[in-house]
Amino acid sequence: MDKDVSAGSGITTVAGRLALGITLLAFGLGHTALIDGVSAADAVSIAQYVGGIALFVAGLMALREGDAAGGTAFSVLGALWFTWAVSDSASGNEAGLFLLLFALVALSLTLAGGDQLGQGVYGLFFVALLLMAIASFAGNDGLVKVGGWFAVAAGAVAWYAATAALAHWPTAIPRRAAGRGVTATG
């Protein structure tokens, strides 16, 4: 595996990914009902302060450092988490619209490129938000749990990406060179 660590703008990206990872893990675990007595409501404080404020500040710092991609992602996602945390209980359709609009933001971040781990985080987060939006429109609790698991996976990848940058672990999946593969023997 490639040991080259491409952590965006360095420590700002690491801090942003840790904040996003912690928030996604709390949000996702709250929706999966994996831990007895832990619900999505229990993730509100983490979403407001770590996901909202800390992530937004990391985004502003990244923008100041000239990292437009990281700055945009962290500041927009910080606004998502803060808004989610301070909003009152919304109706199914209102919550669904909110989740759907931010799923589109996550899709944009996925398609914008960047490193593989970042795209993985945003892609998994997109799926989580899309499933939860559909679940809100349809009133389907089972789909909410599935979306929660995608959020947990996104959080784990964000946490790994931050930790890998700090610990100098591999951050890229090696690619095979063209023409070099398994050959058939006959």
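What follows is a chat about reading ring pairs and a surface patch in a predicted model.

Me: What should I know about the model before I start?
Reply: Residues are numbered from 1 along each chain as its sequence is written, and side-chain values use heavy atoms, leaving out hydrogens and water. As the model is predicted, local features need pLDDT of at least 70 and side-chain atom pairs count only at pLDDT 80 or more, while totals for chains, interfaces and linings use all residues.

Me: How is a pair of aromatic rings described?
Reply: You give the distance of the centres and the angle of the planes. Rings of Phe, Tyr and Trp (its six-membered ring) pair if their centres lie within 6.5 Å; planes under 30 degrees apart are stacked, over 60 edge-to-face, and the rest tilted. Here the count is six aromatic pairs. Take Trp81 and Phe125: they're stacked, at 5.7 Å centre to centre with 20 degrees between the planes. This pair joins distant parts of the chain, 44 residues apart, with Trp81 in helix α3 and Phe125 in helix α5 (residues 116–138). Helices are DSSP runs (H or I, at least four residues), numbered from the N terminus.

Me: Is Trp81 buried or exposed?
Reply: Buried means under 20% relative accessible area, exposed over 50%, and partly exposed in between (1.4 Å probe, protein chains only). Trp81 is buried because its value is 1%, and Phe125 is buried at 0%.

Me: Which rings make up the cluster?
Reply: Ring pairs link Phe27, Trp81, Trp84 and Phe125.

Me: And where does Val86 sit?
Reply: Val86 lies in helix α3, and at 44% relative accessibility Val86 is partly exposed.

Methods: Helix = DSSP H or I, 4+ residues; strand = E, 2+ residues; numbered from the N terminus.
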